[in-house]
Amino acid sequence: MTIATANRALAGVHVLVVEDDGPIGEQLVRGLSRAGCRVDLVGSAAAALSHLDAELILLDLGLPDGDGIELCERLRTVTSAPILVVTARDTEQERVTALDAGADDYLAKPFGFAELLARMRAALRRVRADDARAVVRHGPLTVDLGAQRVAVDGTEVSLTAKEFDILTCLAAEPGRLVTREEIFDRAWDAHWYGPTKVLDVHIAALRRKLGDASLIETVYGRGFRLRQL
Ligand code: CA
């Protein structure tokens, strides 16, 4: 596997870096951005808890406003994003404590950037494998992400791959507005430079196939959401 192929797994992934050491934080942001990640950098536990939409968290344990282990435990209760603890404290007991606090992996400073990226990819692979086994049920709708099957009231509905990907974006969190940009990011491999009307065409087809047009609500000019039931 080439590095370019390997890093495709990280492209567009939203990473939260919790690191109070300025230069180290900046270096991580630069490296991760180069690997294609979207990166938020915060320097305190309090700030970390207000950035919960990240898909992966790199957590330094020595923070100015609290113990990183406690923060790790709190993060674990509010997000399912993988947490990679990155720290200078490197004893077996420290690693055990971090893993028991809900960290997915542990990396001792100083570490090589290639290893960090590899561990991030591994953590994301595990999450995605879990996701692939997931089945989302919402009212009459069943979306089986692993088998890539959709049923309405128990009757299978045949969707195109694109329709399935779009529905998956919406079904991840019924009731939440999913912006058009988000859908393009996730359901189209690369950035889409064509007419965005193509999305409306797919949504119209999806509504028709699902049989209940009101199941997918339009938030005009912004995006779509699955109707809260
Ligand atoms: Ca620190």
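Modeller: The model is predicted. In the second largest pocket lies about 250 Å³ of space. Its lining has 14 residues, and those closest to the pocket centre are Ile 24, Gln 27, Leu 28, Phe 111 and Phe 113.

Biologist: Which elements give two or more residues to the lining of the second largest pocket?

Modeller: Helix 2 (22-34) and helix 6 (113-132) do. Helix 2 gives the most, with six residues.

Biologist: How does the lining of the second largest pocket divide by class?

Modeller: Seven of its residues are nonpolar, four are polar and three are charged.

Biologist: How many cavities of 30 Å³ or more does the structure hold?

Modeller: One. The volume of the largest cavity is about 30 Å³.

Biologist: What makes a space a cavity rather than a pocket?

Modeller: A 1.4 Å probe fits in a cavity but cannot get out, whereas a pocket is open. The residues that line the largest cavity are Val 17, Val 18, Glu 19, Leu 28, Leu 58, Leu 59, Asp 60 and Val 86.

Biologist: How do you know which strands supply the lining of the largest cavity?

Modeller: Strand 1 (14-18) and strand 3 (56-60) each supply at least two of the lining residues. Strand 3 gives the most, with three.

Biologist: What are the classes of the residues in the lining of the largest cavity?

Modeller: Six are nonpolar, none is polar and two are charged. Asp and Glu count as charged, and the lining includes Glu 19 and Asp 60.

Biologist: Now the helices. Why are helix 8 and helix 9 called roughly perpendicular?

Modeller: Helix 8 (residues 180-187) and helix 9 (residues 197-210) pack at an angle of about 85°. Angles of 65 to 115 degrees count as roughly perpendicular, so helix 8 and helix 9 are roughly perpendicular to each other. Their axes are 11 Å apart.

Biologist: Which residues of helix 8 and helix 9 meet?

Modeller: From helix 8 come Arg 180, Ile 183 and Phe 184, and these meet Lys 197, Val 198, Leu 199 and Asp 200 of helix 9. By class, the residues of this contact are four nonpolar, no polar and three charged.

Biologist: Last, how is the chain divided into domains?

Modeller: Domain 1 covers 3-132 and domain 2 covers 134-226. The C-alpha centres of domain 1 and domain 2 are 30 Å apart.

Definitions and conventions. Residues are numbered from 1 along each chain as its sequence is written. This is a predicted model: local features need pLDDT of at least 70, side-chain atom pairs count only at pLDDT 80 or more; totals for chains, interfaces and linings use all residues. Side-chain values use heavy atoms; hydrogens and water are left out. On a 1 Å grid over the protein atoms alone, a cavity is a set of points where a 1.4 Å probe fits but cannot get out, and a pocket is an open set with protein on both sides within 12 Å along at least five of seven lines; lining residues have an atom within 4 Å of a point. Grid points are joined across faces, edges and corners, and a volume is the space filled by probe spheres set on the points. Helices (H or I, at least four residues) and strands (E, at least two) are DSSP runs, numbered from the N terminus. Domain bounds come from an automatic or database domain assignment. Axes are lines fitted to C-alpha atoms, for helices over the stretch in contact, and angles run from 0 to 180 degrees between N-to-C directions. Angles under 35 degrees count as roughly parallel, over 145 as roughly antiparallel, 65 to 115 as roughly perpendicular and the rest as oblique. Contact means heavy atoms within 4.5 Å.
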